[in-house]
Each structure stands twice: as structure tokens, then as C-alpha cells.
Amino acid sequence: MSRIAYVNGRYLPLRDARVSIEDRGYQFADGVYEVCEVWGGRIVDMPRHTARLERSLRELRIALPMPLAALSVILHELVARNHVHYGLVYLQITRGVARRDHVFPPAGVRPSVVATARSLSLQKNQASAERGIAVATVPENRWPRVDIKTVALLPNVLARQAAREQGAYEAWYVGADGFVTEGSASNAWIVTHSGSVVTRSAERGILAGITRAVLMDVLAALQITLEERPFTVAEACGAAEAFVTAATQLVMPVVTVDGKSIGSGAPGPVTRRLREEFHRFCQFS
Ligand code: PDD
């Protein structure tokens, strides 16, 4: 059965779903995206994702092409049509199709809207969480506006590939100041030996992850101390536990960084508990 995608007003089999080669997303990476988890056939934390989407669009001066309620209908329709029980929905909005020119296209060019949904293996995700993942560090080389969720992900692609080639699953960016910023597609966290959970403030240098925001609610409810501050690779290597968060990975334990074991070298109890509790604090729609 072919997967169904949404492209500018139409639901189409994936193989027929196309945009123009003059789409500014294709030519300039001039667009934004969101990825939401699908859990039990429902979309996780949609209002938080759409709020971030609106912010990304505003920062890039791309008009919201339709009301948020209409976007929500499309994403739910895709989940249903693709029979996704566990997986993700992907939404991309670009500045639209226009003759190639760096300046913004004339008024009246409509943003392009593309969305897909697909099933993922919960078993595989769970198996990774039981083993924990390896992380490799890479120098931070992205533009300063990583708070905007743009489709301009070339540095992230190269970082993830570099990690893979070193036998690691995720890459952690490290700034010139020696502090970890975030992963190539996730936020980075450690757990100290006194049981505090540490992650960098989202004011600068990282994407404000939705999973990160929900996890902060989990920490507050469980009365676990949160320290919003940067940490170095050395601190991570000496920490009790480490993990990453993203819509596609939830709370994923990290067991090595650059080949050095974190804590016992196995997923730690705080990380496991946060992963288990996570969905209790999500909003489903
Ligand atoms: N990425 N930081 C970066 C650079 C990311 O790309 C992502 C998510 C996150 C975590 O954000 P959230 O918790 O909202 O998923 C942090 C998505 C999953 C992706 O690009 O596939």
C-alpha cells in the first residue's frame, strides 16, 4: 500500500507527490519544518509544535499559509490515511515557487505546504533505549539562528554522518568555548552524581525542543532538580548519566561519548524513569 502525502491542497500517493524545481525550499532551503511524534495513533503535543512553527515562520517572514486548525486537520488526516499507530508526522512550509532570485519573491507567491506521515518501529526504538546510544562530538559550525527550525540542515547532515562513520548514532556539537550545544537532531542532557538534570538554556545556541519542554514538566512533577546551564564534554564523560531528547527518540539514553563510557556504561535509572514517565505529561490530539 502506497503512503499518502499532502502537497499544496492535495492528498497524493507518495510517488506522485511533487513540488516544482523552483520551490525556494529546494533552491535556497528557504523554509521551516516540524516533526511530531505519533503515539497510539494520536499526535503528541501538537499545540507546542504549531506555536514553534508560527515562531519559525515569523522569524523568516514567511506567511502562515492557512489557519493552524486547517494544518491540524491535514496532519490528522495523514496519520489516519497512512494508518500510523506509532511514528511521526512531518510538515514543511517554504516561501513558495518563484523564478530563482535571492530576494523574497513578489507578494502573492504562496508558501508551499508539504506533509508526510510514517510508521516507525516502537520495538526498535525501545531496543535502542535498552542498549543506549553512542555519541560522537563535532565542532559547532552552524549559523547562530539555530533557534529557527529551518530545513537548512546541511551541517546537521554532515555531523550525523560523521558520527555514523565513527560508529556513533548521534553527534553532539561542541562550541569554541568547549561547551556542548545540542545534538544534530536532538537536545543534549546529563544527570549529575547528586541527581540533578542538566541541559543548556534554550535562550541561545540551540533549538527549543518540544520534548525538552515537556521533560521539564516531568522533572518538576517528579521533584527532580533541573539546572539550565551549559556543560563540557569532560563534565558529560564524568557524569552519572546522559541522554538526548527529540520527538523521534523521546528520552534516549547515551552510554558513550567519543568512546568513553558514561557512568556504568548502561542506561541509568534517572533516564529510564524519565523515559517511562514521559507520555503521562504529553498532550495528545
Ligand atoms: N529534530 N535540536 C535539533 C537540532 C533538532 O533537529 C531537534 C529535532 C531537536 C529536538 O526537538 P524536538 O524535541 O522538538 O523534536 C533539537 C527533528 C526530530 C528532526 O529534525 O527530525
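Q: How many Å separate a polar side-chain atom of tyrosine 33 from an oxygen atom of the ligand?
A: The model is predicted. A polar contact needs a pair of N or O atoms within 3.5 Å. Between the polar side-chain atom of tyrosine 33 and the ligand oxygen, the distance is 2.6 Å.

Q: Which residue has a side-chain N or O atom 2.6 Å from a nitrogen atom of the ligand?
A: Among the closest of the 20 residues around the ligand are Tyr33, Ile210 and Thr211. Isoleucine 210 places a backbone N or O atom 2.8 Å from a ligand oxygen. The side chain lying 2.6 Å from a ligand nitrogen belongs to glutamate 182.

Q: What percentage of the ligand's accessible area does the protein cover?
A: The ligand sits in the largest pocket. On its own, the ligand has 480 Å² of accessible area.

Q: Which domains each give at least three residues to the shell around the ligand?
A: Elements that give two or more residues to this shell are β3 (31–39), β9 (180–183), α6 (210–221) and β13 (241–246). By type, the shell residues are 7 nonpolar, 9 polar and 4 charged. At least three come from each of domain 1 (4–120) and domain 2 (125–281).

Key
Residues numbered from 1 in each chain as written. Predicted model: local features only at pLDDT ≥ 70, side-chain atom pairs only at ≥ 80, totals over all residues. Heavy atoms only, no water. Near = heavy atom within 4 Å. Polar contact = N/O pair within 3.5 Å; in protein donor to acceptor, adjacent residues only side chain to side chain. Areas by Shrake-Rupley, 256 points an atom, 1.4 Å probe, with all protein chains shown as cover. 1 Å grid on protein atoms, 1.4 Å probe; cavity = no way out; pocket = protein on both sides within 12 Å on 5 of 7 lines; lining within 4 Å. Sits in = over half its atoms within 2 Å of the grid points. Helix = DSSP H or I, 4+ residues; strand = E, 2+ residues; numbered from the N terminus. Nonpolar A, V, L, I, M, F, W, Y, C, P; charged D, E, K, R; others polar. Domains from an automatic or database assignment.
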